Amino acid sequence: MRRRDELESQVVERTAALRASEQWLAATLHSISDGVILTLANHTALIARDGAERQIADSCAPIRDDADAIIGAVLVFRDVTDEYRRREELAEERRRFDYILSATKTGFDIVDSQFNLRYVDPSAQKIYGDPKGKKCHEYYRGLDRPCSGCSIPQVLDSKQTVIRKEVMPWENNRVVEMHTIPIQDSSGEWLAAEFKLDVTERQELIDRLEAKNRQLKLAESRAIARARFSSALNQMDVESVYESALRVIAAEIEAPLVAVFEGHADRLSCGCAIGIDRQVLDAEQLLPEGLPRTVARSGEVVTIRGPFD
């Protein structure tokens, strides 16, 4: 029963193939009558009695007599099974390659020395469109000249890989690490292959770490400045208080000055503001609470004019 099912399956397949071949034969006879050499369609196969398939490349040419009249045709077959298999394997590798690029958000293109695009990965084509006949700067940036700092000339001249970061404005400003690599095709022409590795998340992490480091350094500067300020206040050294106050202001450049004097309102000497000409007040104009509290409340640095008691 199993053998019968296999035979029936082969009959169905061969019948379908025969119908296709009959259609081709009609076209072939018509072409022969016109005296045209015809190459058969791709994916043509011969099936042996044991079921083995042989991929063939074939052509059909008319046979003419001495009077140049067509009297028949000759078919030439060539076994291309290995070639066909290699082509299929290459196509499969290409599909895998494109899938990996898409899954990892990696862009890939090939550019010649005149900035003409020779290849663009399918994912990029979905964003930027058909690259045929376009230059890379036109395709990716909408520019009419090469991008500033383009590494392609350097790579083709030095035959060395160049790595740099770029922001892709038409891709939600994602950050990529571009590896531009010199390659040589079968004709000997040097081309630039560009791999764009997505590093957006890594760059965001780096930015957060750098911001955190800046905050830590600022906090350290604040702590040191406050310590010096407190020490100068304890010693009631006017010049030291003045210098320390400036250090605190520098450390607190992004903070209101009221935060600088917070906690020192009761201990701050009037003399600490000497030499800071941001605001000049007469002693009589001070609020009843006194200069220290006025400074702490308003956040303003003031210089007063005497007389002092």
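Keep in mind that the model is predicted. The sheet is open and has 5 strands, lined up as β6-β5-β9-β8-β7 with antiparallel pairing. As background, strands in a sheet pair up through backbone hydrogen bonds, either parallel or antiparallel.

- The edge spots go to β6 (117-120) and β7 (162-168).
- Each of these two has a single partner strand, so one side of each is left without a neighbour in the sheet.
- On average, neighbouring strands here are turned by 25° against each other, if you ignore direction.

**The β5 and β6 end**
- Strand β5 (residues 107-111) runs antiparallel to β6, and 3 bridges join them.

**The β7 and β8 hairpin**
- β7 and β8 pair in the antiparallel sense over 7 bridges.
- Across this pairing, Val167 faces Val175 in β8.
- The hairpin has 5 residues between its strands, and Asn172 takes a positive phi near 60°.

**β8 and its other partner, β9**
- Strand β8 (residues 174-184) is mostly covered, with 8 of its 11 residues buried.
- β8 is joined to strand β9 (residues 190-198) by 9 bridges, and the two run antiparallel.
- Met178 has Lys196 in β9 as its bridge partner.
- β8 and β9 also make a hairpin, with 5 residues between them.
- In that turn, Gly188 has a positive phi of about 95°.

Methods. Residues numbered from 1 in each chain as written. Predicted model: local features only at pLDDT ≥ 70, side-chain atom pairs only at ≥ 80, totals over all residues. Heavy atoms only, no water. Pairing = 2+ DSSP bridges. Helix = DSSP H or I, 4+ residues; strand = E, 2+ residues; numbered from the N terminus. Axes fitted to C-alpha atoms, helices over the stretch in contact; angles between N-to-C directions. Buried < 20%, exposed > 50% of the residue type's maximum accessible area, 1.4 Å probe, protein only.
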